[in-house]
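Please read the points alongside the sequence and coordinates.

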Amino acid sequence: MESDVSSQEIPQKEIIGELEYSTFRIGAFRAALELHLWEKIATGQDTASKIADHEGWDLAGSRLVLDAMCALKLLSKTGDRYALVPESAFYLVPGKTTYIGDMLLYEYRWDENGRLAETIRSGKRPLQDSATSPEMVPLWIADYSRRWAYPETYFEREKNLWQSLGIQARAGLRVLDIACGPAPRSMELARQHPGVRLTWVDWEGVLQNAVKVARNLGIGEQVTLVPGDLWSMDFGAGLFHVAYLGDVTHFFSPEENTGLFRKVYAALAPGGVIVINSVARREIEGEVWDGLWLYAATASGGLYDFGEYKALLESAGFTNVIDINNGPIRAEKI
Ligand SMILES: C[S@@+](CC[C@H](N)C(=O)[O-])C[C@H]1O[C@@H](n2cnc3c(N)ncnc32)[C@H](O)[C@@H]1O
């Protein structure tokens, strides 16, 4: 066959070759998660033959996948014995509060084995169950468990958020944290002043876990729980000084967000502030992957840039919309 480029012009295959290897790496990691490999090693089945014998698995395959996890630095090997490394001991042993394996397996389903192309052709979304459905609650809880186990580490990160937003903890400050999850940001505010009052909205299972952490930290009395679907609830009128929406607005369409911002506008007292804090912003690094994931995992969500959030907030009645260093967005009800 005749070539259409000369031999000097043959481009390098590095990028494509790297992707090919990524497929193998992910495939092996996914299999190891499904096989609960790290759990086997944690319980003393520390050689390929012990595991294969005990589980009735194929010996050659067991050894290959164990070696692959060593190559990924998620196991170590001395002679024929495998051992956990700190990362796998912390994140990959099922049953530990810090285990994230189920959430990772859920993420790996994001393209549903190649159906992404089909969705792009048809425009039919979502590929997965919607990331905002109550069926996600066990996965959210598993995902948050390490934050709940080590809340102090997360507070450390949030320390400057409220300062950068110009929001000061004070007696009587009422904060509505919508889709609060583990609620580290609003908890941090409550820790700063015993007079701060938090209202948390999320699914029941999430709230029950989050409030246990608040109680352990001695701020349980400052928290009111409002469990349920944020779409079917009324946040009240003129009640709050701050409304916080962390990492949730990207799950919703522009129209849904406008509806949500209107409800928040009504719930805020005059002078109240809404804060939107989403890592999935079009201006922020990693945007392509977040955008594609949101496309696959939600019915109508997506990446929005500051200009789009500003327009949505203004159409809901907010003014003085400010972007704080390409991070949280703050707007006021005057
Ligand atoms: C990505 S997490 C963000 C958690 C937290 N705000 C943060 O910034 O870390 C999204 C949260 O939204 C909650 N959520 C999503 N859709 C919801 C709905 N319709 N009603 C109530 N909560 C919802 C989920 O349960 C989950 O805890």
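1. Helix α3 (residues 48–55) packs with helix α4 (residues 59–71) at an angle of about 130°, their axes being 9 Å apart. Axes are lines fitted to C-alpha atoms, for helices over the stretch in contact, and angles run from 0 to 180 degrees between N-to-C directions. Helices (H or I, at least four residues) and strands (E, at least two) are DSSP runs, numbered from the N terminus. The two helices α3 and α4 are therefore oblique to each other; angles under 35 degrees count as roughly parallel, over 145 as roughly antiparallel, 65 to 115 as roughly perpendicular and the rest as oblique.

2. Ala 48, Ser 49, Ile 51 and Ala 52 of α3 make the contact with Leu 59, Ser 62, Arg 63 and Leu 66 of α4, where contact requires C-beta atoms, placed from the backbone, to lie within 7 Å. These residues divide into five nonpolar, two polar and one charged (Ala, Val, Leu, Ile, Met, Phe, Trp, Tyr, Cys and Pro count as nonpolar, Asp, Glu, Lys and Arg as charged, and the others, Gly among them, as polar).

3. The model is predicted: local features need pLDDT of at least 70, side-chain atom pairs count only at pLDDT 80 or more, and totals for chains, interfaces and linings use all residues. Residues are numbered from 1 along each chain as its sequence is written.

4. Ile 10 belongs to the segment before α1 (14–34). Ile 10 is exposed, because 9 other C-beta atoms lie within 10 Å (buried means 20 or more such atoms within 10 Å, exposed 12 or fewer, partly exposed in between, with C-beta atoms placed from the backbone). Between the C-alpha atoms of Ile 10 and Thr 258, 248 residues apart along the chain, the separation is 51 Å.

5. Strands β1 (residues 75–78) and β2 (residues 81–84) pair in the antiparallel sense over four bridges; pairing requires that DSSP find at least two bridges between two strands. Ser 76 is placed opposite Ala 83 in β2. In this hairpin, with two residues between the strands, Gly 79 has a positive phi near 60°.

6. An open sheet of mixed pairing is formed by seven strands in the order β5-β4-β3-β6-β7-β9-β8. At its edges stand β5 (223–227) and β8 (319–323), each with a single partner strand, so one side of each lacks a neighbour in the sheet.

7. Within the sheet, β6 (residues 240–246) and β7 (residues 268–277) pair in the parallel sense over six bridges, and Val 242 stands opposite Val 273 in β7. Helix α13 (residues 254–267) packs on the sheet and touches β3 (174–178), β6 and β7; the direction of α13 makes about 145° with that of β7.

Definitions and conventions:
Contact = placed C-beta atoms within 7 Å.
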